[in-house]
Amino acid sequence: MTETTPDLAPSDLECRDLVKEFSEFRAVDGVSFDVPQGSFFSILGPSGCGKTTLLRMIAGFQSPTSGDLLIKGRSMIGVPPNKRPVSMVFQHLALFPTMNIGENVGFGLRQRGVARAEIKRRVGEVLERVGLPGVSERRVDQLSGGQKQRVAIARCMVLEPDVLLLDEPLGALDLKLREHMKVELKALQAAFNTTFVYITHDQSEALVMSDNIAVMNKGRFEQIGTPQEVYHAPRTAFVAGFVGDANRIPVQVVDATGGTLTLKTGGGAPLKLDAAAQGSADWRPGQRAEVFLRPEAVDLLPAGSEQAEAANMVPGVVDAVLFNGANSTVTVRASDGSLMTAALPQTGVLAALRKGDAVTTRWHPSQARCYPVAEG
Amino acid sequence: MKYPLLASLVATTALTAQMASADTLRLLTWGGYAPEEVIAKFEEETGHTVEVTTSNNEEMIAKLRATNGGGFDLAQPSQDRITSAQEEFGIYKPIDMSRVESDLFIPSMLSATAKNTTFDGEVYGLPHVWGTSGLVVNTAEAPEVTDYTDLCSDAVAGKVSYRLKRPTLIGFAYSMGLDPFAAYGDTEAYQGILDQVEEALTACKPNVKTYWDGGDEIKNLLRSGEVTAAMAWDTGGWQLNADNADITFVAPEAGALGWIDTFALPARGRADDAAYAWINFVMRPEIAAMITNTAGNFTAAVDGDGGVDAELKARYQASFDQAAIDNIKWYPPVPAGLEALEGETLDRINAAN
Amino acid sequence: MASDTSKLGFYLLLAPILLWLALLILLPHVGLFLVSISEKIGPREYETGFGNYSAFFTEPLYWRTFARTAIMSILATALTLLLGFPIAYYIAKITRGRTKTTLFLMCMIPFWVSELVRTFGWMILLRETGVFSQFLQWAGLVSGPVEMLYNDAAIMVGLVYTSILFMVVPLVTTLDSLDDSLIEAGYDLGGTTTAVMREIVIPHAMPGIVSGCIVVFMLSLGNYLTPILLGGKDSLWFTGMIYTQFITRFNWELGSAFGFLLLALSSLVVFLGLKLSGRSLSETMGRS
């Protein structure tokens, strides 16, 4: 799916040109997307980008200024939150502290007037499905963070909503638990086969769990795509900078003919990129642009190794080694003073790299992305 | 008796240099009995300092009882309330007549008060301010009200107010042709009188707008016209008369009830010198007139009415002709235990529907 | 050795509280109790007995006034809660920023003047020649003056007005601490406004409701001025009765007994209230 793929099956959730204006600014600005049944859809963006407003519009706590919002093909405009077939897992989970776990999970069913015995059965069932059998009688504060998370999801899933909304529910957890819950959430989503709409500012959460990611900035969607598309083929400079780490090199276009984009850095060093790999083809010589290069795309050639001539090779000196296990990086200072961050594999000869060592950086012209910088 | 508002404390301190014998006189009195100008003159002349606490009869006794007669150096209870309080609680000490300038006092009042405040052969009170309670009537609206029982006539239904206190019982008793003061010593006879009054007051209850409590309350009710006839103090009527010529104090046919507020020395008072100095000071004719002008009632001082405001005199004379003055029923000392009987009667009236 | 010193320190720190409790609360009550069990048999003659308490139960006026005071106080508390809850909810949950502060302050403004002045304010409004009566006549709704003062309804108005702040403040505090997302979650899970109020907001506000009710009940029960000034000929109030016994009847013995009965009554009602709401006192006072 993307917004361009024609799809005749009705989407679980569809937004058409959704706009939300507050007195001073436009929080959500013409957002359109649809989410097919059973998929995990993430909206990724920095705080203040409008993603929470968008989610609250879907849940029904705010009404859009214009545009339409459909769930299972039915417009939700004017439908109050308690009548929408969506449920929401709140940022701080919003478990009712005055009720025990069973009462929490059964709350929605009680509102629907389901018989008590039936509620008890279904609550037990859903708690079992989230891996917490027999906690019905416990108080909320007797559960661990991860258990509360699962109760919050169970409380929504027991109602069998068409769409489950999740508002950064992992934000309050510690790192270890967060990593664990990412996997668990994805597994739960697969098990329930319910459409999840997940908002987060943490790109790793979005990348790990999502079928599709929408990257949001200043009220607009910059790009919608699979995690791989968003990571490897960011459509805008914002996406390239926000999703994953990247070296950011300000450049000027020298030449754009013959399938190769030739650029030069501020220090005058030449760079070559595959023109075909770029989103834009409209390059003018002298135009200012920015190159984004993932650290893992940079090869490190220690002094003394075989160094065949190739494009984008810059000799330098190790400026700093940032050891972080498998995610270790090294910063290399070129002779013109510019810095380049590269992934540092903790295997082989490179593991012994120290500050001050001579090293050459090299990257393939197809690995970097270049975006024109707006003039002015 | 003045305005029994909840006790308010007025403390005045003199800045002048004090003499060696200077004391602080803690005075427990009624509103208006110790005007600031009088205090200022007294402090200037004697060097003593005066602290005033205003109160009413019941609270005076309660305060002195709570401290066994301490905390104050001079109190001013009504003469009829002294002996029973002394008998029950022993809160006063006798007056040393040699330290009082007795020629400042009207002799008949001095001797009457001495007689009424004698307990175990000792005199406990000196007369100061006297006045009456009777009827305050809007003569334009309710001219027919001339006696206590007239408050229960249909003509003034719903526009009547009185206190649910002992003066009301006594006033009604006189108006009904009974003589409660004569029955003071005879508990059974007195109970018989109370029973009759209880019946009358219970029957009268629908006529009453509200039982008033404070002097300001009854004045407001009369001034606004919500009440046209009430049982109240003479000064209240005269004050209202200054604003509205129709309203004034009427001495009831059965007789106004006369009271005399006294000087009495609390048993554990510490500044007797200052207390006697104050008594001899305020009984001077010109000072007594100043007090009459603020309190609205006349004093037991010889020639004390000389310097009194002409309008006040005129109002007094309009309310009291000689026959009315002769007909005033002066409260005799209340025997101990009588108030309990009255209290039960008042409770029953209050509870009756 | 070290533990001895720390124990000493503990008792030294405790001493002011114990002294305060003993001197200001315990001692006067012991004194009051001793007075209440002495019966007067003559001038300055007393003997010990429970005659004052039996007087209370044998004289219908006393216990009727007592029951009346309790029932009216409970009614006033319920009315205050009914009126105070929406106000508190509005302040805590609907308004934001400056409006919130302003509204909160407006609730407190009446308390900048004394209770006496406030009560007189109501007298000016309710009396026969007062503001309401004249307005009704001006509007042509009534033909003559109406008296709204001197009855039990006026007492109720006065009591609710006097104590509403003490209901609103604890309610605002507890409602403020209710996370908005809990209310939203209630709606999101299909709850109606009634259900959200009943199952989420009110259970959360319960400590505030209970402590507010306790304070308002105590204030109403112990109120003296409002029933005296606004009440009518039959509007007896138990505190007024205590005052009468102490001050105008010089009957400290019966007055003390009444005081003890009032203490017992308020403790009993608070206890029953806590039992009914299923809370403990420490929980209520600690959490609100």
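Reader: How many helices and strands are there in chain B?
Author: Chain B has 13 helices and 16 strands. Please keep in mind that this is a predicted model.

Reader: What is the radius of gyration of chain B, and what would a compact globule have?
Author: Chain B has a radius of gyration of 20 Å. A compact globule with 353 residues would have a value near 20 Å, so the two agree. Along the principal axes, the C-alpha atoms of chain B fill a box of roughly 65 × 45 × 35 Å.

Reader: Which chains share the most contacts?
Author: Two pairs of chains are in contact, and chains A and C share the most contacts.

Reader: How far apart are the closest C-alpha atoms of chain A and chain B?
Author: They lie 48 Å apart, and no contact joins chain A and chain B.

Reader: And how many residues of chain B are in contact with chain C?
Author: On the chain B side there are 23 residues, in contact with 17 residues of chain C. Helix 2 (57–66), helix 3 (82–89), strand 10 (208–211) and helix 13 (338–351) of chain B each give two or more residues to that side.

Reader: Which of these gives the most?
Author: Helix 13 of chain B does, with six residues. By type, the side of chain B that touches chain C has seven nonpolar, six polar and ten charged residues.

Reader: Turning to chain C, where does UniProt place the feature "transmembrane region"?
Author: The unreviewed UniProt entry places it at residues 12–37, 70–91, 103–125, 153–172, 208–230 and 250–274 of chain C. In the model, residues 70–91 of chain C are 100% helix and 0% strand, with the end C-alpha atoms 30 Å apart. Residues 250–274 of chain C are 92% helix and 0% strand, and there the end C-alpha atoms are 37 Å apart.

Reader: Which residues does UniProt list for "domain: ABC transmembrane type-1"?
Author: The unreviewed entry lists residues 66–273 of chain C. Over residues 66–273, chain C is 78% helix and 0% strand, and the end C-alpha atoms are 18 Å apart.

Reader: At what angle do helix 3 and helix 7 of chain C pack?
Author: Helix 3 (residues 60–94) and helix 7 (residues 152–176) of chain C pack at about 40°, with their axes 6 Å apart. These two helices of chain C are therefore oblique to each other. Their crossing is right-handed.

Reader: What types of residue make up that contact of helix 3 with helix 7 of chain C?
Author: There are 22 nonpolar, three polar and three charged residues in the contact between helix 3 and helix 7 of chain C.

Conventions. Residues numbered from 1 in each chain as written. Chains lettered and ligands numbered in written order. Predicted model: local features only at pLDDT ≥ 70, side-chain atom pairs only at ≥ 80, totals over all residues. Axes fitted to C-alpha atoms, helices over the stretch in contact; angles between N-to-C directions. Helix = DSSP H or I, 4+ residues; strand = E, 2+ residues; numbered from the N terminus. Parallel < 35°, antiparallel > 145°, perpendicular 65-115°, else oblique. Left-handed = near helix turned anticlockwise from the far one by under 90°. Nonpolar A, V, L, I, M, F, W, Y, C, P; charged D, E, K, R; others polar. Contact = placed C-beta atoms within 7 Å. UniProt positions renumbered as here; feature names shortened; annotations may be inferred. Rg over C-alpha atoms; globule rule 2.2 N^0.38 Å.
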